[in-house]
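Dear colleague,

Please find below the structure that I am handing over to you. My notes on what was found in it follow directly after.

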Amino acid sequence: MMNITPTVKQLLIINIIFFIGTQLIKNEVAYHYLSLYFFENPQFYAWQPLTHMFMHRGFMHIFFNMFALYSFGSALEHFWGGKKFLFFYISCGLGAALLHTGVNYYFFHTGLTELINAGFSRDSILELLNKDMINQQWGQVLGQSGLENFARSYVTPAVGASGAIYGLLVAFAFMFPNAELMMLFLPIPIKAKYFVPVILLMDLFSGVTGISIFGGGNIAHFAHIGGAVVGFFMMWYWKKNQFHNNRWN
């Protein structure tokens, strides 16, 4: 087992401090200010695209993300150095926030346009949403899944390091394509160059269809995809320019 590297260790400590802190203080106050809200929601603040990646909703959420950060992050930092690793990690986390927000923008404005065309006023719609409420009649216009996507995109904040972690997964597959990985519930070794694309396709399927393969219906699948896409293009650029051979410190 590889020793933990300095930047990974510091990220682990920061995530754990954030998690314990949110449990000790008024829980929802911290989530209100530090989770990632939709940018048209009054609860959105400019720092949330960064801070949301250090927030987690429960023990298992932070445990699996930090285990992945340790497992894949240490291997990457060992070759890249701390500054390059941190730049990559934060970039993937911000990319996750960007795609997640873009998909929310599509769902929210598609639903909003349909409701306005059906005779509901924009002000009355936003007034209810800002109180975390919905009008059940909206469902007759949008359908059940459309209503869920519309309301969730506006009122539900995103938390977690998963987007950045998916970027690390992609980078790991670039750097160590023949390393064998396996899922906890499917203990069959699979080479990283096959394992990671399969995971991404499963996330894309769940994001598009709303059917969660991993269980739980409140997973930000497109944030995962966003982190992976940014990670892919950064690795592609670095590999193309042979930049991946250079440490930044």
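A residue is called buried when its relative accessible area is under 20%, exposed when it is over 50%, and partly exposed in between. Please note that this is a predicted model.

The side chain of Arg 57 forms a salt bridge with that of Glu 28, at 3.3 Å from N to O. Arg 57 is in the loop between helix H3 (48-51) and H4, while Glu 28 belongs to helix H2 (residues 27-34), so the pair links parts that are 29 residues apart in sequence. Glu 28 is likewise partly exposed, at 49%.

A search of the whole structure gives two salt bridges. Glu 127 and Lys 131 also meet through their side chains in a salt bridge, at 3.6 Å from N to O. Glu 127, with a relative accessibility of 48%, is partly exposed, whereas Lys 131, at 52%, counts as exposed.

**Nonpolar cores**

The largest nonpolar core holds 40 residues, of which Leu 69, Trp 80, Phe 85, Phe 88, Tyr 89 and Leu 168 touch the most other members. Two or more residues come to this core from each of H1, H4, helix H5 (82-117), helix H8 (162-175), helix H9 (192-209) and helix H10 (221-240).

Leu 12 is located in helix H1 (residues 6-24) and is buried, with a relative accessible area of 14%. Beyond its neighbours up to four places away in sequence, Leu 12 touches Ile 4, Met 66, Leu 69 and Tyr 70.

Ser 153, in helix H7 (residues 138-155), is buried at 1% relative accessibility. Leaving aside neighbours within four places in sequence, its contacts are Phe 38, Asn 104, Phe 107 and Phe 108.

**Surface patch**

Phe 59, Met 60, Phe 63, Phe 64 and Phe 67 make a nonpolar surface patch of about 540 Å². Of these, Phe 64 lies in helix H4 (residues 59-80) and is partly exposed, at 38%.

**Annotation**

An unreviewed UniProt entry lists "domain: Peptidase S54 rhomboid" for residues 46-140 and 145-238. Over residues 46-140 the model is 77% helix and 0% strand, with the end C-alpha atoms 35 Å apart.

With kind regards

Conventions
Residues are numbered from 1 along each chain as its sequence is written. This is a predicted model: local features need pLDDT of at least 70, side-chain atom pairs count only at pLDDT 80 or more; totals for chains, interfaces and linings use all residues. Side-chain values use heavy atoms; hydrogens and water are left out. Patches are made of residues with over 30% relative accessible area and no salt bridge: like charges are joined within 9 Å, nonpolar side chains (Val, Leu, Ile, Met, Phe, Trp, Tyr) within 5 Å. Accessible areas come from the Shrake-Rupley method with a 1.4 Å probe; for residues, only the protein chains shown count as cover. A salt bridge is a side-chain nitrogen of Lys or Arg within 4 Å of a carboxyl oxygen of Asp or Glu. Helices (H or I, at least four residues) and strands (E, at least two) are DSSP runs, numbered from the N terminus. Buried means under 20% relative accessible area, exposed over 50%, partly exposed in between (1.4 Å probe, protein chains only). Contact means heavy atoms within 4.5 Å. UniProt positions are given in the numbering used here, feature names are shortened, and annotations may be inferred rather than shown by experiment. A nonpolar core is a set of buried Ala, Val, Leu, Ile, Met, Phe, Trp, Tyr and Cys residues joined through side-chain atoms within 4.5 Å.
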